[in-house]
Every structure is written in C-alpha cells, then in structure tokens.
Amino acid sequence: MIVQSVKKNYDDIINLPHPVSKKYSPMSRKNRAAQFAPFAALSGLEEKIGKTALETENQYCEATSPFIDDWNIYE
C-alpha cells in the first residue's frame with residue numbers, strides 16, 4: 001500500500017534520465033568519497049589526550065611510589 005502511494009507521488013520523475021552536467025566533468029570516486037569523510041575539527045586532540053594521559057600516569061606513579069623522597073622535607 002505504502003509503496004504504491006509513494007510511486008504515485010513520484011510517477012512524473014521516476015523514469016527521467018539521470019542529469020549530466022555540461023559544465024563540470026564527473027568527479028573521481030576518491031574526491032567524491034572525501035566529501036563524506038569526517039573532517040578534522042578537533043585536530044591535535046589525540047596528541048593532547050596522549051600527553052594528558054602520560055602526565056596523569058606520572059603523577060599517579062609519584063603519588064603511589066613506596067620510595068618517597070624524604071630528604072627535602074625540611075627545606
């Protein structure tokens with residue numbers, strides 16, 4: 001039922017030939033795919049996350065180390 005109603009709505013355009021531009025040549029598959037690739041809005045984010053993770057890990061290791069440097073307590 002739904003298919004028939006949709007078909008009725010588009011009967012005037014359903015069998016038209018695919019339009020081909022006279023002004024522009026067809027785009028390559030590579031360029032066409034690039035249009036749909038995610039863009040790098042957050043460039044550098046991965047590097048920043050890695051840096052923060054390393055800093056956090058170092059802080060954790062220092063805080064939980066059994067060898068605390070007591071030599072500089074009285075300075």
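Ala, Val, Leu, Ile, Met, Phe, Trp, Tyr, Cys and Pro count here as nonpolar, Asp, Glu, Lys and Arg as charged, and the others, Gly among them, as polar.

**View 1. Lining of the largest pocket in the predicted model.** The residues that line the largest pocket are H18, P19, V20, S21, Y24, S25, P26, M27 and R32, and by the classes given above they divide into five nonpolar, three polar and one charged. The space within this largest pocket amounts to about 280 Å³.

**View 2. A nonpolar patch on the surface.** One of its members, I14, is found in the loop between α1 (2-9) and α2 (29-36). I14 is classed as exposed because its relative accessible area is 52%, the cut-off for that class being over 50%.

**View 3. Helices and accessible surface of the protein chain.** The protein chain has three helices and zero strands, and its elements, followed from the N terminus, run α-α-α. Of the 75 residues of the protein chain, 0% count as buried, a class that calls for under 20% relative accessible area. The accessible surface of the protein chain comes to about 8,400 Å², and carbon and sulfur atoms account for 60% of that surface.

Terms used: Residues numbered from 1 in each chain as written. Predicted model: local features only at pLDDT ≥ 70, side-chain atom pairs only at ≥ 80, totals over all residues. Heavy atoms only, no water. 1 Å grid on protein atoms, 1.4 Å probe; cavity = no way out; pocket = protein on both sides within 12 Å on 5 of 7 lines; lining within 4 Å. Points joined across faces, edges and corners; volume = space filled by probe spheres on them. Patch = residues over 30% accessible without salt bridge, like charges linked within 9 Å, V, L, I, M, F, W, Y side chains within 5 Å. Areas by Shrake-Rupley, 256 points an atom, 1.4 Å probe, with all protein chains shown as cover. Salt bridge = Lys/Arg side-chain N within 4 Å of Asp/Glu carboxyl O. Helix = DSSP H or I, 4+ residues; strand = E, 2+ residues; numbered from the N terminus. Buried < 20%, exposed > 50% of the residue type's maximum accessible area, 1.4 Å probe, protein only.
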